[in-house]
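Reader: I am new to this structure and would like to go through some of its parts with you. Could you please show it to me?

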Amino acid sequence: AAPLCVISLRIELSNLAATQRLGTIIAHHLRAGDRLLLIGEIGSGKTTLARAIGSALHADPPLTSPTFLLVSEHQGALPIWHADAYRLPPGSDPLAAGLIDERHAAGVTIIEWPEQVRWPLQGEGSSLLEVELTPGAHDDARGATLRIGDAARAKSMHTAVLAAGIEAADGS
């Protein structure tokens, strides 16, 4: 298989409102079949970002932390599956664990703690988005690194981040 071409975009989120604006931008760039992987330590803002994405997609019911459910299903502009792999053993198979199934091709799957799962990434470059959140200088600040397997979508998201007044550290 050809190597995955991934564009990285580093963003500084100075407060909760910036994190919510980023969630809205991501939501407006999602397509049916996408998998959004949210990476970060406990308290880094994964669920906050997922909630903002769900809100922008008019999720019903609203997204909450799925830690004890493993996967929650929501209707909206696109069907949304919100999964949390935190309690799965490292190296789990996402199909066997029930995190993903064939229905998810019709909507968006948001997965927190994806590093717990062994992902079959071949052929998924354009439908896989990754957001890694890191702590910032104060409680509401954080850094976000977006990794996007589709150059056109990456460029559009970068433009939207700049238009929203969110500080893009780089656009490499």
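Reader: How many residues does helix H1 have, and how far does it reach from its first C-alpha to its last?

Author: In this predicted model, helix H1 covers residues 16-28, which is 13 residues. From its first C-alpha to its last it reaches 19 Å, close to the 18 Å expected at 1.5 Å a residue.

Reader: What is found at the start of H1?

Author: A side-chain oxygen of Asn-15 comes to within 3.2 Å of the backbone nitrogen of Ala-17 there.

Reader: And which residues of H1 are buried?

Author: They are Ala-18, Thr-19, Leu-22, Gly-23, Ile-25, Ile-26 and Ala-27.

Reader: What covers them?

Author: The cover includes strands S1 (7-13), S2 (35-39), S6 (128-135) and S7, as well as helices H2 (46-56) and H3 (151-163).

Reader: Let us turn to the strands. In which sense do S2 and S6 pair?

Author: S2 and S6 are parallel, with 5 bridges between them.

Reader: How many bridges join S6 to S7?

Author: There are 7, and these two strands run antiparallel. Leu-133 stands opposite Ala-144 of S7. S6 and S7 form a hairpin, with 6 residues between them.

Reader: Staying with S7, is Thr-145 buried or exposed?

Author: Thr-145, which has its place in S7 (residues 142-148), is buried, because its relative accessible area is 14% and buried means under 20%.

Reader: What does Thr-145 touch?

Author: Leaving aside residues up to four places away in sequence, Thr-145 touches Leu-9, Arg-10, Glu-130, Val-131 and Glu-132. With Arg-10 there is a polar contact of 3.2 Å between the side chains.

Reader: A change of topic: what about the backbone in the loop between H2 and S3?

Author: Most residues other than glycine have a negative phi, and most peptide bonds are trans. In that loop lies His-58, whose phi is positive, near 60 degrees. Pro-61 also lies in the loop between H2 and S3 (71-74), and the peptide bond from Asp-60 to Pro-61 is cis, with omega near -5 degrees.

Reader: Where is Trp-113 found, and what is its phi?

Author: Trp-113 is in the loop between strand S5 (108-112) and S6. Its phi is near 60 degrees, a positive value in a residue other than glycine.

Reader: Are these two residues, His-58 and Trp-113, buried or exposed?

Author: His-58 is exposed, with a relative accessible area of 60%, whereas Trp-113 is buried, with a relative accessible area of 12%.

Note on methods: Residues numbered from 1 in each chain as written. Predicted model: local features only at pLDDT ≥ 70, side-chain atom pairs only at ≥ 80, totals over all residues. Heavy atoms only, no water. Helix = DSSP H or I, 4+ residues; strand = E, 2+ residues; numbered from the N terminus. Buried < 20%, exposed > 50% of the residue type's maximum accessible area, 1.4 Å probe, protein only. Polar contact = N/O pair within 3.5 Å; in protein donor to acceptor, adjacent residues only side chain to side chain. Contact = heavy atoms within 4.5 Å. Expected span 1.5 Å × (residues − 1). Pairing = 2+ DSSP bridges.
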